[in-house]
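Reader: Please take a close look at the charged side chains. How do they pair, and where do they meet metal?

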Amino acid sequence: MGSSPIIGFSIHLGTVAPTDTGSIPPWVSTGHAIPVLVEPKTSGEPYWSGWALAGDSRATAVASHDGVTVLLAGELYHRAELGSVVGETADGLSDAELLLACWLRYGPSGLRLCNGRFAAVVAENDSVVVATDHAGTIPLYLRTRPDGVDVATEAKVLAEGAGDSFPAPGTEPAPGLTGVRRVQAGTAVTLVPGSTVAEAARTWRPPHHRLIVSPDEAMNRVADVLDKAVRTRLGGPHDPVTAVLSGGIDSSSVVALASGGGRPVRTISLGTDIGDEFAAARVVAEHLGTRHHEFRCSSEELVRQLPWAVAAAEIVDAEVLEYLLPLVVLYRMVPNEGTRIVTGYGADIPLGGMHRTTERLHSLDEVIAFDMGTFDGLNELSPVLGSMAGHWTTHPFWDRDVLDLLTALEPGLKRRDGRDKWVLREAMRELLPTATVTRPKLGIHEGSGTSSAWSQLLRRVGVAESDLASVKTAMAAVFHRRTVREQEPPGEVSFDDVLDEVMSEQNLAVT
Ligand code: ATP
Ligand code: MG
Ligand code: MG
Ligand code: MG
């Protein structure tokens with residue numbers, strides 16, 4: 001893991017020499033701009049032009065050797081292991097250089113080795129490979145053009161100059177945008193810029209099998225793999241780290257492991273007038289001795305920041321936006337730019353934590369299989385949620401090794417003794433107060449009151465109960481059109497104007 005990852009990029013790979021690198025629009029992630037210009041060494045190789053954004057100005061975006069050029073946003077989490085197979089010590093190498101070394105040894109299949117949070121572009125000869133990490137945690141978009149291909153980590157950057165992209169395998173249309181396609185999770189798409197030659201290879205799939213392991217062994221394995229995932233996400237032993245803490249078992253586990261070895265950890269919690277989990281978070285913060293901060297935001301102020309959540313996640317799914325909004329709001333309240341933030345996000349998907357009422361193990365496992373088969377494109381783990389406010393976020397529960405293990409454990413280890421997420425709770429029993437280990441799950445949108453706050457605002461203007469869901473969906477689409485397709489700065493999109501627009505479209509009177 002480099003100390004300062006590249007947090008995003010926008011690159012044109014073309015057959016014609018570029019005149020400049022293009023300018024960075026003001027409404028994308030904030031960071032230090034690094035121009036990227038690469039000349040072909042031999043004929044047939046593409047020209048690169050564009051920019052990358054980094055958390056600090058010393059970062060390098062591109063690594064080149066032997067006719068192979070690599071651009072990597074994000075970071076790799078098993079640097080030592082990768083170093084061991086490419087025959088170099090990873091110590092002095094940036095993550096882009098490490099991926100390059102991996103590519104030089106393995107070719108495109110090197111991408112199957114990588115456990116990280118990354119989006120990568122690799123050019124070799126006349127081909128360009130555009131790749132996501134196992135779970136697509138950094139969304140990656142492309143637009144093919146007659147003179148090349150544009151690749152960017154934010155869809156809004158590609159929204160202009162709409163035209164048809166050809167439907168390259170391994171990509172899907174981005175919602176609400178013509179001609180912009182999203183690279184699927186765990187996928188490497190090979191393209192020849194300026195042509196319609198393309199093929200896709202999978203680099204990861206969620207496991208469909210289930211493992212039988214004794215409860216003790218399962219606990220130990222979960223504790224070990226999660227500990228490693230947290231540690232590799234923290235930087236050096238004295239680097240400060242911030243964790244978003246609700247006091248639920250997921251974020252509390254991450255904070256417990258991050259605090260191990262005496263590292264100073266700052267924890268932050270968000271609450272509104274409708275609800276907070278401050279007491280539960282405080283129990284954990286006191287137990288672990290973190291520097292703890294509570295942020296409060298009125299529920300109305302929270303909901304009015306929906307344009308920021310849409311601009312960051314670039315999705316139109318109102319329900320997912322309700323999960324993401326509290327985090328976007330909290331990240332925007334964190335004062336010092338360039339903060340590294342770890343979360344407990346995503347544990348519930350492989351563990352079936354949302355399905356509190358599912359009685360039968362078969363049903364529990366079916367919803368886990370379904371959710372693991374449908375996460376792609378929800379953008380819940382997108383770094384843009386934090387990088388719009390200048391921060392870097394990372395999610396240990398969606399580390400490739402953690403996800404492989406949690407998904408594959410047989411469901412009787414996930415629901416056991418009347419408890420959900422049993423194996424995680426038991427794995428953390430020694431590190432956390434009993435009240436935390438046994439605390440029932442509370443969704444992020446419930447704890448912060450997001451869902452009810454948005455509904456309340458709509459009810460107040462007279463939206464009927466039966467129309468709440470469709471009005472939310474229609475509003476999400478308008479926020480998306482304005483902040484992503486039309487690239488309006490989210491701060492200039494008024495919640496009330498969008499509500500008026502939707503109400504009149506749906507022939508609902510504002511009362
Ligand atoms: P559980 O799922 O058992 O409730 P949890 O609260 O840690 O555990 P979620 O509710 O799924 O997990 O929330 C996802 C993540 O979002 C949390 O792990 C935490 O990192 C962050 N989060 C959720 N609510 C808050 C909050 N009110 N303040 C700060 N961070 C939060
Ligand atoms: Mg959770
Ligand atoms: Mg789902
Ligand atoms: Mg919770």
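**Charged side chains, pair by pair**

Author: Asp-150 is buried, at 10% relative accessible area. Buried means under 20%, exposed means over 50%, and partly exposed lies in between (1.4 Å probe, protein chains only). This is a predicted model: local features need pLDDT of at least 70, side-chain atom pairs count only at pLDDT 80 or more, and totals for chains, interfaces and linings use all residues. Residues are numbered from 1 along each chain as its sequence is written, chains are lettered from A and ligands numbered from 1 in the order in which they are written, and side-chain values use heavy atoms, without hydrogens and water.

Start with the partner. Asp-150 forms a salt bridge with Arg-145, at 2.4 Å from N to O. A salt bridge here is a side-chain nitrogen of Lys or Arg within 4 Å of a carboxyl oxygen of Asp or Glu. Side chains of opposite charge can pair when their charged atoms come close. Arg-145 is partly exposed, at 29% relative accessibility. The structure holds 28 salt bridges.

Take another pair. Arg-304 and Asp-496 meet at 2.8 Å, N to O. Asp-496 sits in helix α18 (residues 495-505), and Arg-304 in the loop between α6 (299-303) and α7 (306-313), so the bridge ties together parts 192 residues apart in sequence. Helices (H or I, at least four residues) and strands (E, at least two) are DSSP runs, numbered from the N terminus. Asp-496 is partly exposed at 35%. Arg-304 is partly exposed at 25%.

Next, Glu-426. Its closest O atom is 2.9 Å from the closest N atom of Arg-429, in a salt bridge. Glu-426 is buried at 16%, and Arg-429 is partly exposed at 32%.

Now the metal. Asp-250 and Asp-348 coordinate the magnesium ion (ligand 2) through OD atoms, at 1.9 to 2.1 Å. They come from distant parts of the chain: Asp-250 from helix α4 (residues 249-259) and Asp-348 from helix α9 (residues 348-351), 98 residues apart. Donors are N, O and S atoms within 2.8 Å of the metal (3.2 Å for Na, K and Ca); water is not among the atoms, so sites may look incomplete. The magnesium ion (ligand 4) lies 4.9 Å from the magnesium ion (ligand 2).

Asp-250 is buried at 8%. Asp-348 is buried at 8%. Asp-250 and Asp-348 also belong to a network of salt bridges with Lys-421 and Lys-441.
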